[in-house]
Structures are given as C-alpha cells and as structure tokens.
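Dear colleague,

Please find below the structure that I am handing over to you, together with its sequence. My notes on what was found in it follow.

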Amino acid sequence: MAVPGPRRRKDAAAGSASSAEYANPVIPAGPAGANAGGTPNNPYARSAYTHDYARDRKRKKRKKILIACLAVVLVAVLGTAAYALTKMMSIQGNLSSGVTQETLDALDNVEPGEPFYMLLLGTDKSQERDSGAELDGVYRADSIMLMRIDPPQKKVTAISLMRDTMVDMGEYGKQKLNAAYPIGGAAYAVEVVSELAGVPISHYAEIDFDGFCEVVDTIGGIEVEVPIEIDDPDAGGHLDAGLQTLNGEQALILSRSRHAFDEYGKGDEYRAANQRMVISAIAGKVLDSDLSTMVSTVETLSKYVTTDMSLMEILSLASSMRGMDMDTDFYSCVNPTTSEYIDGVWWEIMDEDEWHEMLRRVEQGLPPVEENVIDEATGTVMATAGTGGSASGDGTTTPRRSGTVSVRNGTEITGAGAAAAEKIGALGYSVDTANADAADYTETVVVYEDASQQERAQEIVDALGVGRTVLNENEYLFTTDFLVVIGADWSSVQ
C-alpha cells in the first residue's frame, strides 16, 4: 500500500499550491532547545515529538546481545555446578558402596572435631588365593590397622594388628583376628577390634592396596626409605634399597612384600611397617597439596575405598589436619605378640600387659612407644614415637616428646616456674604454670603416676638440672602426665 505524501498547501490569495513552499517548506521551530526543529505538523522531521527508530533498533540489538551473553554465562555456571555436583555424587557413591546398616550400627558417634578411632581393613584382591585364605568366597583382610586421629592436636597414631593374633570370638571359638571379616563382614570386624582394644570405633574403611598404585601416581610419587633391596615376585618385582621417590607400581611392591623379609623375622610385621610408612608418605603429600589435588586424590581413592565417611567429612578432616608434621606427629607401632605353633598352626599371642600399656598411652595422646624402634638387621622402622628433636652437645639426639606437664612454683623465686617451663617445653611437652599451694618447698620434684614413666621423668630432671623423680602414691593430685614442683634448690641453676 502506498504511503500518501504531504498535501499541497493552497495559496491563500490564489487558492493554488505554491511550488516554492512545496519545495522548501517552512518548518516551524520546535520547543526551546529542540535543535531538530520538527513538529507534529511535519511527521518527516526529527523532533522531540518523534521516535528515533534506528536508535531503538540498536538498543534492542545490544540488549539481545547482553541477554545472550548472560545466558551463555549462566549456562556455563550451571553446567560447571552440575558437573561438580555430578562428580561429587559419583565420588560419594563409590565411597559408600557396600556400606551396610549393620556396619553403621556397629560404629560409635563422635563429636565433630574430637579425637576418634578408625579401623582400616586392607585387602589385595589381585593376588591369587589358596583355598585356605577364603571363606565362602570372602577374602580375609591382609592388613588390619587401628588408627587414632586427633584433629585438634594434628596427630595420628597407627597401630597395625597382626592378622594371626589369637582372639576369643565367643560362639566362633578361638580364631585368628583376620577371620572376623569373613565371619561377619565389616560390622563384626569393627566389633571384634573394638573389644580387643577396649576403645570405641567411630569410622572404618576397606582399602584395596592395588589402589595405592594409582593414588601415588596421582600425587606425583612419594619419597620413602626402602629398608633393603627387595626382589619379591609375589609382591610384584624388584626395588633397590635406599631413599628414593617411588611411583605407584613401586609403592605397591613395597606395600605387598613380606617374603623378602622372612629371613629376618616375621614377614607380616615388616610388611605392616612398610605399609604404615607408605600411608604416612601419601598422607603427608596430600595434606601439603591444594584443594584441587585433594579432591582428585579422594576421587582416585574412591575407586578402591569403601567407608562410612562422606566426601565432605573427608575433605573437612583433611583441611583440619593441614600443617601436620609427619616426622613428629605421626606415631606408629604393631600390637605386641609372641609367635606360637599350636596344633599345627602358627598363632600370634598377645602380650596383654604391654598391650594395655600401649593403649593407655595412645588414649592420652602419647606415642604408643617411648622411642623409635628400628630393626637392626634391615633398618626397617618398626615403630615411631615422633622423635624429631635437637642435637645435644655430645652429638646425640634428644627425642622430642609429646604430652602434658604441670609446673608449680613452690618458692618465692620470681620467674622460676616460667624458666622451668621453657626447659621442659624444649623437650616437646605442653606446659602450664602456676604457683604451688605453698612457697616453702625445699626440693624440686618431678612426679609421675606409673612406673613406665620413670625414665621420662628422669629426662625432665636432667633438662631442669636439678631435683629428683617421685612415683606418686596418692600424695599429689594432678591430671597431666607429669607434675613438677619447684623447690628452693632451683636457686642453684640460676
């Protein structure tokens, strides 16, 4: 349809159209400040009364582009979030796969942030099993480890439990410890170990040691001291002795090997020690890594680990343990046993007194053993007590201790308590100071509760340079590991 043009204006006098006016129409001025000058009398002129349709089109175009960009960003964000959520759900699904309600019921609750015990059950499903190693198609656990994890103090204690340890399992009679799993699954294993150690177990994990291979490669290898040259086909191959960085395959050989140590003693005990060393090295490297590496490591582990712990609980625990010194704050040992051959079967018989003393120390947050235990024949670290420490004047090393000491100033010597606390703190203890109930003590004493603590009490005396040790016989009341009362003889060390 044609758009009509402007009407011709007739000349007022002649009554006809003026060609001059038609060619150059007079456009009345618009409102003040309207430079365009158009009015409704001339719809073709730009004016304050007309739309700039070209500008509108540009604005609409820019708006569409902006909306499109926002949509792309939103899709990317939602897509990333969906991917992250999917990955987290996948990891969580892997971790919790196979966890039964019976196992959850066997576990004790623990307050967030408090120390807790965890049971690790290690298997190696890739190795061939003889018929005696299976029960109704269920493998016995190759490795059983009880761990005490203390997030507030950033300390971990790992106790390997010999799989041949004799345990009274009630209706099932006397059994080797590793029979608990095939008899009643993870739930029964938790129950048996909890009763054996006399501690509540709050978490558990089943680990296929084949997973070490991929995990170690994920974090770029681990540096460990291989105690001896290992040539063990059953373990997967050969390793040179000495300090070296192992890849996943090599770490797996070290974790499996026991026959390479048979000529030196209990192969299982050496293997357990090396497994603790590998776990410590992995944990140390992961705790020093960034969040992305932590998540990647947990994702890899989830393929080989079954646990009641959620992904968020694991990441939260790892975050709380960051900064942990593996040399001084990772303790390890094996349960004390004696090998006995009974009715054609080898058993490990628990030394009950030593076992209870070990657990008493662990429960107090102390190392399970007084000193590092290193096998003289192989150099294998069989137990660790967190000994870092400093060199003394004669070139020997003073072990770095853990535990608590109360210092009480029983004199009028100003600053005696603080000075004593500094000397004791240098040994590694946590120390609190205050005044004693009186200021007339003549002799400095270091008081301990148990005969097994006498050696360390004497170590404190030696650090102070004065005093004597005293076994408490209900004369002193204190809740720390040791009590130090400063006497007047302190003046001799000023």
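**The largest cavity**

The helix H7 supplies five residues to the lining of the largest cavity, the largest share of that lining. Please keep in mind while reading that this is a predicted model.

The volume of this largest cavity is about 810 Å³. Its lining is made up of 30 residues, and those closest to the centre are Ile279, Ala283, Leu301, Ile314 and Leu317. Which elements supply at least two residues each to this lining? They are the strands E1, E4, E8 and E13, together with the helices H5 (211–218), H7, H8 (291–301) and H9 (311–320). Sorted by class, the lining has 28 nonpolar residues and two polar ones, and no charged residue is found there.

In total, the structure holds six cavities of 30 Å³ or more.

**The contact between H6 and H7**

H7 (residues 267–287) also packs against another helix, H6 (residues 248–256); their axes come within 7 Å and cross at roughly 145 degrees. On the H6 side, the residues in contact are Ala251, Leu254, Ser255 and Arg256, and they meet Arg271, Asn274, Gln275, Met277 and Val278 of H7. The residues of this contact divide into four nonpolar, three polar and two charged.

Strands of a sheet pair through backbone hydrogen bonds, and the pairing is either parallel or antiparallel. In this structure, six strands form an open sheet with mixed pairing, in the order E13-E8-E1-E4-E5-E14. From one strand to the next, the twist averages 20 degrees.

Within this sheet, E1 (residues 116–123) and E4 (residues 143–150) run antiparallel and are joined by seven bridges. As an example, leucine 121 has isoleucine 144 in E4 as its bridge partner.

**A parallel pair of strands**

The strands E23 (residues 445–448) and E24 (residues 468–471) pair in the parallel sense, over four bridges. Valine 445 has arginine 468 in E24 as its bridge partner. Are the residues of E23 named next buried or exposed? Val445 and Val447 point one way from the strand, Val446 and Tyr448 point the other way, and all are buried.

Lysine 154 is placed in the loop between E4 and E5. Although it is not a glycine, lysine 154 has a positive phi of about 55 degrees. This lysine is partly exposed, with a relative accessible area of 28%.

Aspartate 343 is found in the loop between the strands E15 (337–342) and E16 (345–350). Its phi is also positive, at about 50 degrees, although this residue is not a glycine. Aspartate 343 counts as exposed, because its relative accessibility is 77% and the exposed class begins over 50%.

Glycine 220 lies in the loop between H5 and the strand E9 (222–226). With a relative accessible area of 53%, glycine 220 is exposed. Leaving aside residues up to four places away in sequence, glycine 220 touches Thr245 and Lys285. Between glycine 220 and glycine 248 there are 8.7 Å in space, C-alpha to C-alpha, although the two are 28 residues apart in sequence.

With kind regards

Note on methods
Residues are numbered from 1 along each chain as its sequence is written. This is a predicted model: local features need pLDDT of at least 70, side-chain atom pairs count only at pLDDT 80 or more; totals for chains, interfaces and linings use all residues. Side-chain values use heavy atoms; hydrogens and water are left out. Axes are lines fitted to C-alpha atoms, for helices over the stretch in contact, and angles run from 0 to 180 degrees between N-to-C directions. Contact means heavy atoms within 4.5 Å. Ala, Val, Leu, Ile, Met, Phe, Trp, Tyr, Cys and Pro count as nonpolar, Asp, Glu, Lys and Arg as charged, and the others, Gly among them, as polar. Two strands pair if DSSP finds at least two bridges between them. On a 1 Å grid over the protein atoms alone, a cavity is a set of points where a 1.4 Å probe fits but cannot get out, and a pocket is an open set with protein on both sides within 12 Å along at least five of seven lines; lining residues have an atom within 4 Å of a point. Grid points are joined across faces, edges and corners, and a volume is the space filled by probe spheres set on the points. Buried means under 20% relative accessible area, exposed over 50%, partly exposed in between (1.4 Å probe, protein chains only).
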